[in-house]
Every structure is written in structure tokens, then in C-alpha cells.
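Hi,

Here is the structure I promised to pass on.

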Amino acid sequence: MSKRLLIVSTLDSSQPFGAFTRPFYLGQYLSKEFELYQVGLDCSAVNYAPSVSIGSRSIPLYVKTIKKCIEEFRPDVVYAQETLPGITSLIALTTTKQKNCSLVLDFHTFSAYEYWSRLSSVPNPLKEFLQLIKTYIAQGVLIFSGNPIIAAGESTPKLIQQWYGRQPSKIYCIGNGVAEDLINDQFSDTTDPYQQKRPAKIVVVVAPKTFQFPSNDMSVSMAIEIAKHLESHERKVHFVVIGRDVSDVEQPLPANITFVGFLPERKDFVNYIKYADIGLLPFPKQAVAGGARNKALDFFASKKLVVSTPEGLRGLEEFCNQKHLIVTGFSTVEVADAILDATSNMEKYQPLTEAAYTLIKEKYSWSARARAVADILEATRDKFNIAK
């Protein structure tokens, strides 16, 4: 009989970005290795395993739901992704005095550091500081609980050492992956959504609204400033923002930027990415853009030339400037100049896109990431049984 795995996350099927990505795709492939049950905010998109949708970030409701799943599903391992699912899973396992189940934590980002880095640039620093304190305490509880941790970024272990003076003995780094529909470079029978903007090269920015974190808002603001700088080159380069409407922007917009809103259908999102020419990651230094790695991987997998500020590559240190992509400085002018050069010399940069795509296929598919996670979960459970 296969081992039973309960995944607890903030998966939200109504927002298929951000916190949805990691639990959904890991769950999809882990369901081939385990008898799996999934818990999240909205699991309506989970078609590969039984699931339950909580519909709220309420701690008591999360704890109550997890307890019920433990009693009925009787998992061997609870895999809790992010801080809220981690804390509530720890409470549920402790209060049920569950002795036949191990807990593995997953840190997609080191949230306290993100809040700290943005204190000087947010509208309400006090609110941000209070969130920092709450997150610092919560993640500290998880770190000192002694349970194994899977980190999505290689910087997380270093930050834990710096902020808590402790390096967990059981911490593993397994980043995000890429879905097969983007790695597969064969176009389906679709139409170029940018036909009316041609012959301009299309520079796409993915910036959905996300819970609590303003990094995407910062990237949109920077993209607008870059577009303004290149407005005189409107026939040569056009910017497209996926994930929000023009009504979400309060400032005047240049003529060379279009907002296409939220694309609820995955096939539409894939289409907009595949027909673009350049994938842009315009994150200022204070953004602390941990979620940008998902966008970068999608661009690489779609063979898009990527132009990014250094912050846009957080957690993807394996991808190098002028080898896999173009990394600029943080100034609007530097990014704009790099984009203008790239649109004029696309053939020159073709080897970069090919190198990045090769690396993606070799190491960054979700199936490969899930296999690495499965090895850790299985080893954790085996050690747990030995310890008993």
C-alpha cells in the first residue's frame, strides 16, 4: 500500500499564480507517488486527488479542517507549504497527539525579510512592521519545531541563519518548476494575440494581484516608467501587462503599454506568453521578489529572451547574465536601453534563450522537482518510523 500524503497550503484556484503554483503542480506529480489528499483555500482546480477547500485564512478553521483530515485520511506525512499552513498543521498534529504522522514544512519565501526590505517604500510602514513581527514569530516557531524544511530558494537557509542564529539541520533546497504545456515548444492552432501591435516586438510583464505582497505592484510601476522612456519607439516595442486591468492603475499611461487583465484560462495565458518576444522582470531592489522565479521559469521554458533586474532572479542563481538572459541594473534607463538593444538584435541573443531552455528541460520540470520532494518525504517518514 502506498504511503498517504496530506498537502496543506493556501492554494487558490481562483488565482492560478503565486501561492497556487507550487502546491498544485507538486501535488499533481506527487499524486503518482503517494495516496494524496489536498487542503487549500480553493481546491476546485485539483482534479488529480481528493481535496477540501477551506475558503478562509482563519487559523481556527484551518486547524479544524486539518484535524478532520488527519482523523479521516490518516496520513503518514503532512506536507505544509507556507507559514499559515505550517503553523496550523503543527497545532493540529500537536493537539491531536498524532504519533503516526510526520510533518514536513515548505518555505516558499522567507517572509520576515521581505517585509523588512519593503518598510521604507510601502504606504503604511507600521502595518508592514506589525506583519513582519507576526511572521517572524510564526516562522521562528516552525524553524525551532525541529521538523524538516524544504525551501524554494537557496537564500532561505542563509537568511534563517542570519535572523535566528540557527541553521536547521534538516533543510533542503528544491526550487519551483515549469509545467509541461510551456516546456513543449509546439504551438497549438492558435492566433497571435498581439497581431494589432505588430511589427512592434512584444515585451510581456506578468503581474497578478497577490495577497499582502506589493512586489507585483512595484513591477507594474517600474514597467510603466520603462514604457514612458521608450514611448518614442512605439512602433518598435510594445509592453503588455498580464494579470490586471488598466482600471487598477491610477497614473497616466503611455501609448506603448497595454493591460490585458486577468486570464482565467490556462490556455490563454500560455498563448500570451508563447507569442511574446521578450519576458520582462522589472523588480526594484526593495521588491524582494521571491515569486518572480515562477515568471522567469515560464519565460525560459517558452524560449523567450528574458530581461531582468537582479531582484527578478531571486532564487534562480543558476541562470547567468549574458549566458541565459540579460541582467540589467535597477535604473529605468538601464532596463529600457537593454530592451531597445534586444529588440534590434534578437538573433544576437538567440543563443541565450536556447541555453536557458536546455537548462529548464534538464532540471526544472515539475516532475523532476516532485521526484526530489518525494525522496525527502519518503526518507522523513522512514526515519520517523525508525525513531518510534
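Predicted model: local features only at pLDDT ≥ 70, side-chain atom pairs only at ≥ 80, totals over all residues.

Seven strands make up an open sheet, and their order across it is β3-β2-β1-β4-β5-β6-β7, with parallel pairing. At the edges you'll find β3 (51-53) and β7 (171-173); each has a single partner strand, so one side of each has no neighbour in the sheet. Going from one strand to the next, the twist averages 15 degrees. In case it's new to you, strands of a sheet pair through backbone hydrogen bonds, either parallel or antiparallel.

Now for some of the pairs. Strand β1 (residues 4-8) is joined to strand β2 (residues 35-40) by five bridges, and Val8 stands opposite Val39 in β2. Lying across β1, β2 and β3 is helix α2 (residues 59-73), which runs at about 170 degrees to β1.

What about the partners of β5? Strand β4 (residues 77-81) is joined to β5 by five bridges, running parallel, and Tyr79 has Val104 as its bridge partner in β5. To get from β4 to β5 the chain passes through helix α3 (residues 83-95), and this β-α-β crossover is right-handed. Strand β6 (residues 149-151) also pairs with β5 in the parallel sense, over three bridges; there, Phe107 stands opposite Ala151.

Don't skip helix α1 (residues 21-30). Nine of its ten residues are buried, so the helix is largely enclosed by the rest of the structure. Among the buried ones are Arg22, Pro23, Phe24 and Tyr25.

Last, find Leu90 in helix α3. Why does Leu90 count as buried? Because its relative accessible area is 19%, and buried means under 20%. Leaving aside neighbours within four places in sequence, Leu90 is in contact with Leu103, Val141, Leu142, Ser145 and Asn147. Take Val141: Leu90 and Val141 are 51 residues apart in sequence, yet 9.4 Å apart in space, C-alpha to C-alpha.

Cheers

Technical notes
Residues numbered from 1 in each chain as written. Heavy atoms only, no water. Pairing = 2+ DSSP bridges. Helix = DSSP H or I, 4+ residues; strand = E, 2+ residues; numbered from the N terminus. Axes fitted to C-alpha atoms, helices over the stretch in contact; angles between N-to-C directions. Contact = heavy atoms within 4.5 Å. Right-handed = clockwise from strand over helix to strand, strands pointing away. Buried < 20%, exposed > 50% of the residue type's maximum accessible area, 1.4 Å probe, protein only.
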